[in-house]
Amino acid sequence: MLAISVIWDLQKSQFTSQTIALGSVFLAMSGIMAAAVWIESYCRRSTGTKFTPERAWRDSRNLALLVFSLAMVTEILLDRFVKVVAL
Amino acid sequence: MSAPAPALVNTQSRRLAMRLADPAATLAYVSLVFGSLLVFFPVSFPRLVVQNWQNARLTPIMIFFTVCLNLGLYLRVAHQRFGKPGIVASACLGSVPVILLAGLNFVLQATIAHTISVNAPNAVARVNEEILAHTFFALIAAIFGPFLLIRLAQQFRKDNS
């Protein structure tokens, strides 16, 4: 959800299309990866496949931190750009 | 002299399997450091980046930084999991950031040309912000790209075997 909202902000910004595309791709990829860890954990647990909670927790934590930090820096960059455009 | 125990042989020669969550934490920390520098040095850090780009030093610095970081990360994971680092993966970690950063440098040139051609007010400041944003995304690409390629190659090898 965080990645989608930041991609939305990025799409509405006045950055050039190349920068918007680059940022959107990385945010989308990290968001999909974070969601995939949760889906994989859920599927493994529900089907009784080999499941390691520690590994799932570590992966989930790392990817959530990645999405959060990417979103934060992108919002800082967007804020700076809006200020420059408004000058 | 007795032969080494089979368990030891298996442990020492086990091929290293990377997971995408391994570089994610490092990438997050790099991203947080970049964000902190932007917040705490809002004038001097962007100026430093733009000056280095104007002097054509930004891409070589980023290549050096990302290759060192990627190799360090790969060796750390290998050490933690008692895995054997592969030569193809090491070559990928050394070459992919160079190719990606060189390619993205051309994209940045196109971005700047586009920004200037629009004739928008405050074009110089806009170009500086574009350089800054592009530097950040290129850094993420150069760190994450090689590991993504290695992960895909592992999957391909697993499917074939």
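Reply: What follows sets computed values against their cut-offs.

Me: What kind of model is this, and what does it score for ipTM and pTM?

Reply: This is a predicted model. It scores ipTM 0.87 and pTM 0.85.

Me: What is the mean pLDDT of chain B, and which of its elements has the lowest?

Reply: The mean pLDDT of chain B is 83. In chain B, 88% of residues reach 70 or more. Helix α1 (residues 6-12) of chain B has the lowest mean among the elements of that chain, at 50. The highest belongs to α3(B), at 92.

Me: How many helices and strands are there in chain A and in chain B?

Reply: Chain A has 3 helices and 0 strands. Its pattern along the sequence is α-α-α. Chain B has 6 helices and 0 strands. Its pattern reads α-α-α-α-α-α.

Me: Which residues does A:Ala71 contact, leaving aside its neighbours within four places in sequence?

Reply: They are A:Leu2, A:Ala3, A:Val6 and A:Leu27. A:Leu27 is 44 residues from A:Ala71 in sequence. In space the pair is 7.4 Å apart, C-alpha to C-alpha. The contact test uses C-beta atoms instead, with a limit of 7 Å.

Me: What makes A:Ala64 partly exposed?

Reply: The class lies between the exposed limit, 12 or fewer, and the buried limit, 20 or more. A:Ala64 has 17 C-beta neighbours inside 10 Å, so it counts as partly exposed. A:Ala64 is also in helix α3 of chain A. Its C-alpha lies 25 Å from that of A:Gly48, 16 residues apart along the chain.

Me: Why is B:Ala56 called exposed?

Reply: Exposed needs 12 or fewer neighbours. B:Ala56 has 9 C-beta neighbours inside 10 Å, so it counts as exposed. B:Ala56 lies in the loop between α3 and α4 of chain B. Its phi is positive, near 60 degrees, and the residue is not glycine.

Me: How do you know that the span of α4(B) is close to the expected one?

Reply: Compare the two spans. α4(B) has 24 residues and reaches 34 Å from its first C-alpha to its last. At 1.5 Å a residue, 34 Å is expected. The span is therefore close to the expected one. After the helix comes B:Phe82, with a positive phi near 55 degrees.

Me: Which residues of α4(B) are buried?

Reply: The buried residues of α4(B) are B:Leu58, B:Met62, B:Thr66, B:Val67, B:Asn70, B:Leu73 and B:Tyr74. Across chain B, buried residues make up 34% of 161. In chain A, 33% of 87 count as buried.

Me: Which residues touch the most other members of the largest nonpolar core?

Reply: B:Phe136, B:Ile140 and B:Ala141 do, in a core of 57 residues. Helices of chain A and chain B that each supply at least two residues include α3 (53-86) of chain A and α6 (123-160) of chain B. The largest share, 15 residues, comes from α6(B). Leaving aside neighbours within four places in sequence, B:Ala141 contacts A:Phe26, B:Leu100 and B:Leu104.

Me: How many residues are in contact between chain A and chain B, and what gives the most on the side of chain A?

Reply: 24 residues of chain A are in contact with 30 residues of chain B. On the side of chain A, α2 and α3 each supply at least two residues. α3(A) gives the most, with 15. By type, that side divides into 15 nonpolar, 6 polar and 3 charged residues.

Note on methods:
Residues numbered from 1 in each chain as written. Chains lettered and ligands numbered in written order. Predicted model: local features only at pLDDT ≥ 70, side-chain atom pairs only at ≥ 80, totals over all residues. Core = buried A, V, L, I, M, F, W, Y, C linked by C-beta atoms within 7 Å. Helix = DSSP H or I, 4+ residues; strand = E, 2+ residues; numbered from the N terminus. Contact = placed C-beta atoms within 7 Å. Nonpolar A, V, L, I, M, F, W, Y, C, P; charged D, E, K, R; others polar. pLDDT = per-residue confidence, 0-100.
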